Amino acid sequence: MAEANTNTSWAGDTFGTTWMHETLIKMLRWIDVRIIYAFVAVFVVPVTLIVSPGARVIYHYFRRVWKFSVLKSVGATYRNHYIFSQVIIDRFAIWSGKKYNISVEGEEVFQRLDSQPEGFVQLSAHVGNYEVAGYHLSSKLKRFNALVFSGEKATVMENRNRMFADRNMRMISSCVDMSHIFELDNALTSGEIVSMPADRMLGSTKSVTKEFLGLPAKFPLGPFNIATMRGYNVIAVNVVKVKWNAYAIRVVDLPYDKEASRREQVAQLSEAYVRELERVVRKYPYQWFNFHEFWEEPKA
Amino acid sequence: MVNEELINELKGHIINALHLEDITPDDIENDAPLFGDGLGLDSIDALELIVMLEKKYGIRIANPAEGKSIFKSVNSIAEYVDSHK
């Protein structure tokens, strides 16, 4: 296990102004979501491919990780951005009241931990549409604390808060002074659930290097450190889009030896997380939405 | 004024808790800042120190603002431990 100080943080928020978000929500109350998909496919995604730095990152992802040809990588980047647009539109569609078909694999894993008095950690990733999990994996007993990007737009935060208002859920924004880490720890010691992404730097710059899809990549050390610090149980939750109107949620246990040294615990837990993430991304390569250079550059 | 024994004990615990293999207790000055320019620790490390204080001394710090002044240096941690033992 390697630890390092890196500077791979990425500030990403939902595209558009508050007016645009509110207009989209109103439109989606009346219009079939596929009409918006078609509009975006023709008029928005091609422009995004030209102006967005994320497009270059995803192109590299298909070239380096998937070893696609130049032409195939361009097509794959378009497809990735098109699905990502659909996921964003779906998010607004849900806020407007539209329903999606959701299947859940491993719900019993969540319920087993939910029924225990101790807090537990739920690790997510920038794959598919994780927010959908929040509407379906809700706890009856424990407060759910989700670590979110602090720079997100007001409309997005307001609608999230409105949708989750009756679900005993709290959004914890990542802060520059990293006070969010203490809030997460306090939540866990109070027997609550803490959800955080483990594939992007938020706050601390310490990382753990793992072989991911055949190449070394840096994962943030923080989530694994917080989880193992007091020996909490950990699950991985990933949500992928499987049809235009359907999502699949997968919940798995991430086991680690709680009697081992802390360093070994972090190594085991991060390994379990990365292997699960790899399984999901191998099956849904076009739903990798981590728009920053994630893999280490090859040594010259 | 806290005793040298406690300070040395704390330095050992800090090195173990944060896996600072390349550092010996003598490398850590009693008044040097632990975060930022000093040992270069961050909040994840602060959380490790909070857990260390709980495990070794039975002291719980729940307020992150309080943590900032406590974890300023080895001396400030020692003073806090000494007054809460």
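Me: Is K142(A) buried or exposed?
Reply: In this predicted model, K142(A) counts as buried because it has 22 C-beta neighbours inside 10 Å. The threshold for a buried residue is 20 or more other C-beta atoms within that distance.

Me: Where does K142(A) sit in the chain?
Reply: K142(A) belongs to the loop between helix 6 (131-136) and strand 4 (144-148) of chain A.

Me: And which residues is K142(A) in contact with, leaving aside neighbours within four places in sequence?
Reply: On that basis, K142(A) is in contact with D114(A), G191(A), E192(A) and I193(A).

Me: What separates the C-alpha atoms of K142(A) and A198(A)?
Reply: The C-alpha atoms of these two residues are separated by 22 Å, and K142(A) and A198(A) are 56 residues apart along the chain.

Me: Let me step back to the whole chain. How many helices and strands has chain A?
Reply: Chain A contains 10 helices and 10 strands. Of its 300 residues, 38% are buried. Among contacts in chain A with a separation of 6 or more, 77% are between residues 24 or more positions apart.

Me: Strands, then. What is the strand order in the open sheet of 7 strands?
Reply: The order is 2-10-9-3-6-4-5 in chain A, and the pairing is mixed. Averaged over this sheet and with direction ignored, neighbouring strands are turned by 25° against each other.

Me: Which strands stand at the edges?
Reply: Strand 2 (101-105) and strand 5 (169-173) of chain A do. Each has a single partner strand, so one side of each is left without a neighbour in the sheet.

Me: How many bridges join strand 2 to strand 10 of chain A?
Reply: There are 5 bridges between strand 2 and strand 10 (residues 246-253) of chain A, and the two strands run parallel. Among the facing residues, N101(A) stands opposite A246(A) in strand 10. Another bridge pairs V104(A) with I249(A), again in strand 10 of chain A.

Me: Changing topic: what domains is chain A divided into?
Reply: Chain A is divided into domain 1, covering 18-96, and domain 2, covering 100-287. Their C-alpha centres lie 24 Å apart. The contact between them takes 17 residues from domain 1 of chain A and 17 residues from domain 2 of chain A.

Me: Which elements give two or more residues to the domain 1 side of that contact?
Reply: They are helix 1 (18-28), helix 3 (53-65) and helix 4 (70-96) of chain A. Helix 4 gives the most, with 10 residues. By class, this side of domain 1 of chain A has 7 nonpolar, 4 polar and 6 charged residues.

Me: Now the other chain. How many residues does the contact take from chain A and from chain B?
Reply: The contact takes 16 residues from chain A and 9 residues from chain B. On the chain A side, helix 8 (179-189) and helix 9 (222-229) each supply at least two residues. Helix 8 of chain A gives the most, with 5 residues.

Me: What classes do the residues on the chain A side divide into?
Reply: The side of chain A that touches chain B has 6 nonpolar, 6 polar and 4 charged residues.

How values were computed
Residues are numbered from 1 along each chain as its sequence is written. Chains are lettered from A and ligands numbered from 1 in the order in which they are written. This is a predicted model: local features need pLDDT of at least 70, side-chain atom pairs count only at pLDDT 80 or more; totals for chains, interfaces and linings use all residues. Helices (H or I, at least four residues) and strands (E, at least two) are DSSP runs, numbered from the N terminus. A residue is buried if 20 or more other C-beta atoms lie within 10 Å of its own, exposed if 12 or fewer, and partly exposed in between; C-beta atoms are placed from the backbone. Two residues are in contact if their C-beta atoms, placed from the backbone, lie within 7 Å. Domain bounds come from an automatic or database domain assignment. Ala, Val, Leu, Ile, Met, Phe, Trp, Tyr, Cys and Pro count as nonpolar, Asp, Glu, Lys and Arg as charged, and the others, Gly among them, as polar. Two strands pair if DSSP finds at least two bridges between them. Axes are lines fitted to C-alpha atoms, for helices over the stretch in contact, and angles run from 0 to 180 degrees between N-to-C directions.
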